[in-house]
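This report covers strand pairing and the pocket of one structure. The sequence and model are shown first.

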Amino acid sequence: PNHKTDTLITIDIDDKITSLAFLDKKNIIIGFSKNGLYKLNLESKKTSKIKFHEDIITQNINSIVVLKNKIWVATYDGLFCLDRNGEIKHRYSTENGLRHNLINTINILSDGTIIVGSKSNRISFIKDDKVTEIKLPSDFPNINISEISVSNDDHIYIGTIGKGLYIINNQEITHLTKEDGLKSNYIYGIT
């Protein structure tokens, strides 16, 4: 009878995959914890290294998003905006508006604004190459932001390591912790 068999794709890189994003229908961008950024062609099932920066600290990829043929890459050494060929278009760091260079997570609002989470008590927003921020209500200057999720109506959910969950709805910020009913103040993922 008619059986459909999916082909398993093997990636011969001894490292942990930290992030995946579709570049287009034929290519996936893959981030690794120590080996940087790769492009996987789904038709040929071959990977190719995207060599956007040689510094070893930039090879630690935490998060990837793709927006309008731009690849946004969160690393231990800032946030990089690449074209689809891997050329650096812009690097965001403490030198031009971010609070910390260790970028843990990124996401996108419906208007194309990039949301940046790092080891800081602020969430950064990048729109038209300008960095703005919102301060999270906390007595601590460094909150380890682990995850950012965005709902269809642009509510922003911010997971932290040890400080619970923040929700931004327009300019209103709600902070939830274990005392409010969360199972834990350690948030590693939001779905």
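## Pairing around Cys81

His90 in β8 is the bridge partner of Cys81. Cys81 also stands in β7 opposite Trp72. Strands here are DSSP runs (E, at least two residues), numbered from the N terminus, and two strands pair if DSSP finds at least two bridges between them.

This is a predicted model, in which local features need pLDDT of at least 70 and side-chain atom pairs count only at pLDDT 80 or more, while totals for chains, interfaces and linings use all residues. Residues are numbered from 1 along each chain as its sequence is written, and side-chain values use heavy atoms, with hydrogens and water left out.

## The sheet

The strands β5-β6-β7-β8 form, in that order, an open sheet of 4 strands with antiparallel pairing. Its edge strands, β5 and β8 (88-92), each pair on one side only.

Strand β6 (residues 70-75) pairs with strand β7 (residues 78-83) over 6 bridges, in the antiparallel sense. β7 is joined to β8 by 4 bridges, also antiparallel.

## The largest pocket

The largest pocket has a volume of about 300 Å³. A pocket is an open set of points on a 1 Å grid over the protein atoms alone, where a 1.4 Å probe fits, with protein on both sides within 12 Å along at least five of seven lines. The volume is the space filled by probe spheres set on the points, which are joined across faces, edges and corners.

Lining residues have an atom within 4 Å of a point. β5 (61-67), β9 (103-108) and β13 (145-150) each supply at least two residues of this lining.
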